[in-house]
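Reader: I have a structure open and a few things to ask about it. Can we go through them one by one?
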Amino acid sequence: MRKKSDITVAGDPLRGCPVLVFGDDTRSFLAVARSLGRRGALVHAAPFNFAAPALRSRHITRVHRLPTHMGSGDDWLSELYSLIEREGIRVLLPCDERALLPLARHRSAFGSEIVLALPSDQAIEALFDKVATRHLADSQGLEVATAVVSPNAADAEAIVSRLGVPVVLKPRRSYTLERLHSRGKAMVLNDTRALATALGSVVSEASLAEAFVPGEGCGLSVLIHDGRLIQAFQHERVHESARGFLGSYRVSVPVQAELAEACRKMLVAAGFSGIAMLEFRRRAQDGALVLLEVNARPWGSLPLPIALGVDFPADWLSLLLGGQPTPAKPYKSGIFGRNLWLDLQWLREAAPSPRGSPLGALRFLAGYLKDFAARSLSGRERNDTFVLDDPGPAFREGLDGARQLLHGFGRRLPGAAAWSARQARAKLRRGVLAARAKGGHVLVLCEGNICRSPFAAAALNNLFGDAGQGPGEGLFRSAGTLPLEGRPSPAPAVSVARRLGIDLAKHRSRYADVQEVASAQLVIAFDQRNLAALRAIQPAKLPPVVLLGSLRPGVAEIEDPIDGDEETFLATYRRILDLASMAKTLISQKPA
């Protein structure tokens with residue numbers, strides 16, 4: 001590949017260097033964008049969610065749209081090539097596996113002039129598979145939780161007997177190349193029955209069950225290059241979710257030299273070079289550190305070390321570009337980092353119920369506000385999102401949160417449901433009539449395009465007498481927000497649909513890309529997840545959108561029956577048929 005232009009490097013090799021950062025969250029991605037932007041890099045963003053508040057950062061030079069990586073990834077790679085040439089990109093830096101895994105797969109396609117800021121293939125195999133990570137940690141003397149690999153539902157009782165309760169059921173990999181659209185999530189299960197049920201819904205070979213380790217979360221962040229520990233930073237969690245998966249409030253602590261050396265040996269044994277955060281739990285009974293996982297790419301608690309001058313992303317890229325490591329920087333201990341929105345969720349979860357203990361709830365809130373004020377005023381607290389030199393993301397995050405609160409409050413007002421139904425009916429009528437008049441179409445959209453949307457589109461086309469000749473034709477066309485194509489509808493869907501006069505046997509899923517959405521005169525969706533996915537795809541140019549269930553006052557959402565039996569599908573499909581008939585009546589009526 002040719003570079004658009006030569007980059008003149010003066011002093012810091014990052015200054016003026018175009019870097020493409022993949023991601024969009026207000027934790028790892030935003031921290032990286034700010035880190036590089038402050039050092040003079042030209043930060044380009046390739047987000048997954050185009051409505052993300054982080055994209056409001058003043059440090060982002062330009063936002064680019066890449067096609068979703070599907071199948072061979074040829075379209076994605078071709079568009080990325082064009083972007084690199086057009087913008088003179090020199091560095092590609094992924095902030096999560098949705099970009100990291102495709103970049104690693106196509107590693108050999110990039111010339112030597114393009115710097116890939118990602119782990120080696122050997123390190124990816126060792127650190128992105130939790131079972132492999134456990135074996136590696138154990139070989140280097142780091143303690144891990146007792147676990148059962150590839151657990152089966154039939155063994156649930158034996159697993160609980162061995163591990164105790166609660167049991168943590170984890171996917172071996174958070175993402176795979178085949179399922180980049182969906183993050184595997186850990187579950188904390190409190191009894192044998194819950195474990196058996198959960199194991200019945202996952203592929204056992206792709207999971208592991210671990211004993212829950214009670215205690216406080218702890219993280220060690222490192223920059224390693226050529227086997228050397230260049231920089232280290234340690235924090236402890238002050239607030240974390242009840243299940244321990246997410247920390248919202250952290251405090252910097254001194255680095256434990258022995259721990260840092262053990263982690264260095266482990267990462268070097270994995271063939272790793274770059275930045276990573278190793279997550280531990282300090283076991284309550286004896287204070288021992290138990291390794292939970294390794295984040296071998298930018299991580300959620302990254303804003304705190306950056307705020308204290310430990311600039312992991314910029315120092316790493318400067319090293320990759322210039323070949324010389326930045327000297328290790330000392331940092332202050334006892335400085336707190338708060339992700340405000342996550343911490344408000346923690347507050348709601350941790351505070352006593354006002355109904356059960358009004359005085360206890362008031363005292364808890366007063367203590368929270370006292371600590372917040374004292375640490376903020378004394379300069380001992382940093383905010384992950386809100387910073388004075390880049391306030392845009394925090395303001396947008398706050399605005400989005402306020403809109404959600406107002407929307408939730410508005411839905412509870414007297415007469416709100418009836419008013420919402422009238423608005424939805426009017427929007428539906430205008431959209432369908434516009435599609436007819438312009439020879440266009442209405443897009444019926446759900447998540448996977450194998451259950452709700454294909455049935456609804458077929459039912460509506462039957463009622464309106466305009467089915468077209470193929471899956472992408474007709475007045476009503478169905479698609480999904482998941483980038484998975486060619487999947488058939490599940491057996492219960494096909495069976496129940498047949499009983500109701502709809503043939504789904506030949507249906508295969510289609511992905512609703514930005515062009516698909518933009519070309520519709522109206523989008524009919526089913527739940528809030530569909531609406532969020534739509535905003536992420538194309539927030540500024542959406543056609544009118546209506547939830548099918550909102551045509552009648554009451555519960556507007558039609559839940560996905562994907563995990564249900566035939567009775568679940570029957571109830572869902574009968575409701576869709578009722579609403580489709582109502583839509584036909586609305587369109588047939590003459591305007592008042």
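This is a predicted model: local features need pLDDT of at least 70, side-chain atom pairs count only at pLDDT 80 or more; totals for chains, interfaces and linings use all residues.

Reader: What covers them?
Author: The cover over the buried residues of α16 includes α15 (452-464) and α19 (566-588).

Reader: Where does S489 lie?
Author: S489 sits in the loop between β18 (476-480) and α16 (491-499).

Reader: Buried or exposed?
Author: S489 is buried, because its relative accessible area is 8% and the cut-off for buried is under 20%.

Reader: What does the S489 side chain reach?
Author: The backbone oxygen of I450, at 2.7 Å. Setting aside neighbours within four places in sequence, S489 is in contact with I450, P454, V494, L504 and H507. Of these contacts, V494 is also one of the buried residues of α16.

Reader: Different topic. At what angle do α11 and α12 pack?
Author: Helix α11 (residues 340-350) and helix α12 (residues 358-377) pack at about 155°, and their axes are 11 Å apart. The angle is over 145°, so α11 is roughly antiparallel to α12.

Reader: Which residues make that contact?
Author: From α11, L340, D343, L344, W346, L347 and A350; from α12, F364, L365, Y368 and F372.

Reader: How many are nonpolar, polar and charged?
Author: Nine nonpolar, no polar and one charged.

Reader: Left-handed or right-handed crossing?
Author: Right-handed, for α11 passing α12.

Terms used: Residues are numbered from 1 along each chain as its sequence is written. Side-chain values use heavy atoms; hydrogens and water are left out. Axes are lines fitted to C-alpha atoms, for helices over the stretch in contact, and angles run from 0 to 180 degrees between N-to-C directions. Helices (H or I, at least four residues) and strands (E, at least two) are DSSP runs, numbered from the N terminus. Angles under 35 degrees count as roughly parallel, over 145 as roughly antiparallel, 65 to 115 as roughly perpendicular and the rest as oblique. A crossing is left-handed if the near helix is turned anticlockwise from the far one by less than a right angle, and right-handed if clockwise. Contact means heavy atoms within 4.5 Å. Ala, Val, Leu, Ile, Met, Phe, Trp, Tyr, Cys and Pro count as nonpolar, Asp, Glu, Lys and Arg as charged, and the others, Gly among them, as polar. Buried means under 20% relative accessible area, exposed over 50%, partly exposed in between (1.4 Å probe, protein chains only). A polar contact is a pair of N or O atoms within 3.5 Å; within protein, one must be able to donate a hydrogen and the other to accept it, and residues adjacent in sequence count only if both atoms are side-chain atoms.
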